[in-house]
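Please keep the structure open as you read.

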Amino acid sequence: MKKKYSILLLATLSIVTFIALIPTISAKSSNLSDSQFELKPLPYAYDALEPYIDKETMMLHHDKHEKAYLDNLNKAISKYPELYKIGIEGMLKDLNSVPEDIRETVKNNAGGVYNHEFFWSIMSPEQNQTPAGDLLKAINKDFQSFDNFKAKFKEAALGRFGSGWAFLVKDKDGKLSIISTANQDSPISQGLTPILGIDVWEHAYYLKYQNRRGDYIDNWWNVVNWKQAENNYSDKK
Ligand SMILES: [Fe+2]
């Protein structure tokens, strides 16, 4: 009889201990999922931007190039896990808060991830959209006309020597301007809000357009997601 009670007591204690441990186990699991930035899937099919941007370019661009930035970023900040909580956008907005020994790596690779996620979002399978609403009014105001804006944007994208980006950005006062950044430098590190942007690294166009960056830029207008650009301008997600 005594032995039966002992077994019962032991079993009860085990259950109580297990229940007490559940929060610890869950917390550990959620810490694990917070300990790596993960590659977000492309928001549409790889061939959705055909014929202007080909499937193979999109596969390599997303699965290999963006993934490499992500892997390098995870590797660099593995020794400063508190940075995971600050997040990619947070780090890029305040690069001086990133430890100096990894600051350049974070700038390049967090920038690589941020800029590419932005780039995917600013293109759409719903092709041949046109700008409208407040964004179009602001473009006409700050660039005189939409055609003039397109010409200036192309000039910036073509004029970027080597690898980089051209962006339409908004400053704190809501004024639009066109900038070009080198490598993976992101407008948000300069306190600017990107409205739309084009990747002019050769990996973005070489398979289809070879050295003809101008043709790539001309064709890219057909897949611009003007609805998303309008949301970016209005600060809607
Ligand atoms: Fe790229």
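Where does glutamine 210 lie? The points below take this up, after a word on the annotated site. Bear in mind that this is a predicted model.

1. Glutamine 210 sits in the loop between helix H7 (206–209) and helix H8 (213–220). Its phi is positive, near 50 degrees, in a residue other than glycine. Glutamine 210 is partly exposed, at 31% relative accessibility.

2. The unreviewed UniProt entry annotates a "binding site" at His61, His116, Asp199 and His203. These residues spread over 143 residues of sequence, yet they cluster in space, with a largest C-alpha distance of 12.1 Å.

3. Histidine 61 belongs to helix H2 (residues 55–77). Its relative accessible area is 1%, so histidine 61 counts as buried, the cut-off being under 20%. Beyond its sequence neighbours up to four places away, its contacts include His116, Asp199 and His203.

4. Histidine 116 is part of helix H4 (residues 100–121). It is buried too, at 0% relative accessibility. Outside the four places on either side in sequence, histidine 116 touches residues including Glu66, Tyr69, Trp165 and Gln184. Its side chain makes a polar contact with the side chain of histidine 61, at 3.0 Å.

5. Most residues other than glycine have a negative phi, and most peptide bonds are trans. The bond from glutamate 50 to proline 51 is cis, with omega near 0 degrees. Proline 51 lies in the loop between helix H1 (2–34) and H2. Asparagine 128 has a positive phi of about 60 degrees. Its loop runs between H4 and helix H5 (133–143), and asparagine 128 is partly exposed, at 48%.

Notes: Residues are numbered from 1 along each chain as its sequence is written. This is a predicted model: local features need pLDDT of at least 70, side-chain atom pairs count only at pLDDT 80 or more; totals for chains, interfaces and linings use all residues. Side-chain values use heavy atoms; hydrogens and water are left out. UniProt positions are given in the numbering used here, feature names are shortened, and annotations may be inferred rather than shown by experiment. Helices (H or I, at least four residues) and strands (E, at least two) are DSSP runs, numbered from the N terminus. Buried means under 20% relative accessible area, exposed over 50%, partly exposed in between (1.4 Å probe, protein chains only). Contact means heavy atoms within 4.5 Å. A polar contact is a pair of N or O atoms within 3.5 Å; within protein, one must be able to donate a hydrogen and the other to accept it, and residues adjacent in sequence count only if both atoms are side-chain atoms.
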